[in-house]
Amino acid sequence: MLSPLSSAAKDWSEKQFDVDVWDINILLTKAIPFPELHQGLEAFIAGNPHRLEKPNNDIGVDLIIELEKHIREKSIYTSSEYEDLCQRIFTYVFDPTLYGFKKQARTYDGANRYDFICRIKSGQPFWDTLRADFHTKALLFECKNYDEKITADQVYSTERYLFSGALRTVCFLISRLGPDEGCIRAAQGAMRESGKLILLLSNLDLIELIKLKPDDDGPEDYLDEKIWNFIISLPR
């Protein structure tokens with residue numbers, strides 16, 4: 001039978017049998033970089049009575065369509081348009097917990113500019129824990145609309161915006177195709193050496209956040225799992 005799998009069933013199966021379970025939603029997401037395979041899967045699903053599960057409103061569906069098109073073709077967005085897309089997604093998924101978004105914010109001396117920044121409202125366990133664990137008052141966002149996976153250079157340029165004295169120690173570094181291995185190692189170094197969290201996200205991650213929005217704390221659980229896996233994989 002071809003059908004989506006509920007979050008509860010997927011979690012139970014993975015924990016019970018120590019495997020990664022890919023349902024049709026995950027297969028479709030994984031196939032996005034391969035247009036012919038993706039179109040074939042969509043055509044197969046179209047003739048199946050168990051249709052693809054989608055977010056419960058048009059905004060989420062439209063955002064996913066934008067992200068999928070952008071994965072296939074970088075040129076559909078300029079850098080500033082990609083920043084706008086990422087900000088719209090985080091506002092859609094996490095409002096009202098994340099609020100006060102400000103685009104293209106500059107430091108007081110004018111030397112550094114990050115794509116956008118937001119504040120964290122208290123009362124949600126994941127964000128309260130993140131704020132306490134990393135002693136941060138704000139979240140920074142950097143968005144990279146690159147042809148290829150981002151490299152360590154993007155981590156190094158982002159890291160300079162973060163410092164504990166300003167209660168600004170967490171950044172979501174978002175890119176169209178995600179990080180390469182050198183980029184991951186650089187982010188690990190920033191965490192290990194100075195306690196700065198640079199969470200590396202791709203368009204595929206953003207798609208998952210949107211899909212999980214209807215679930216209670218679904219997007220927060222997804223980010224929590226990514227941070228946990230990042231921390232436990234830190235080398236000595």
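Asp-215 is found in the loop that links helix 9 (203–212) to helix 10 (218–232); helices are DSSP runs of H or I with at least four residues, numbered from the N terminus. The model is predicted, so local features need pLDDT of at least 70 and side-chain atom pairs pLDDT 80 or more, while totals for chains, interfaces and linings use all residues. Residues are numbered from 1 along each chain as its sequence is written, and side-chain values use heavy atoms, without hydrogens and water.

Asp-215 is partly exposed because its relative accessibility is 33%; buried means under 20% relative accessible area, exposed over 50%, and partly exposed in between (1.4 Å probe, protein chains only).

The whole structure holds six salt bridges, each a side-chain nitrogen of Lys or Arg within 4 Å of a carboxyl oxygen of Asp or Glu. Three of them are tabulated here.

| Pair | N to O distance |
|---|---|
| Asp-84 and Arg-88 | 3.1 Å |
| Lys-144 and Glu-142 | 3.2 Å |
| Glu-193 and Arg-192 | 3.7 Å |

Asp-84 and Arg-88 are both part of helix 5 (residues 79–94), four residues apart, about one turn of the helix. Lys-144 and Glu-142 are both buried. Glu-193 counts as exposed, at 64% relative accessibility, whereas Arg-192 is partly exposed at 39%.

Met-191 belongs to helix 8 (residues 181–194) and is buried, with 11% relative accessibility. Between the C-alpha atoms of Met-191 and Thr-169 the distance is 9.7 Å, with 22 residues separating them in sequence.

Conventions: Helices (H or I, at least four residues) and strands (E, at least two) are DSSP runs, numbered from the N terminus.
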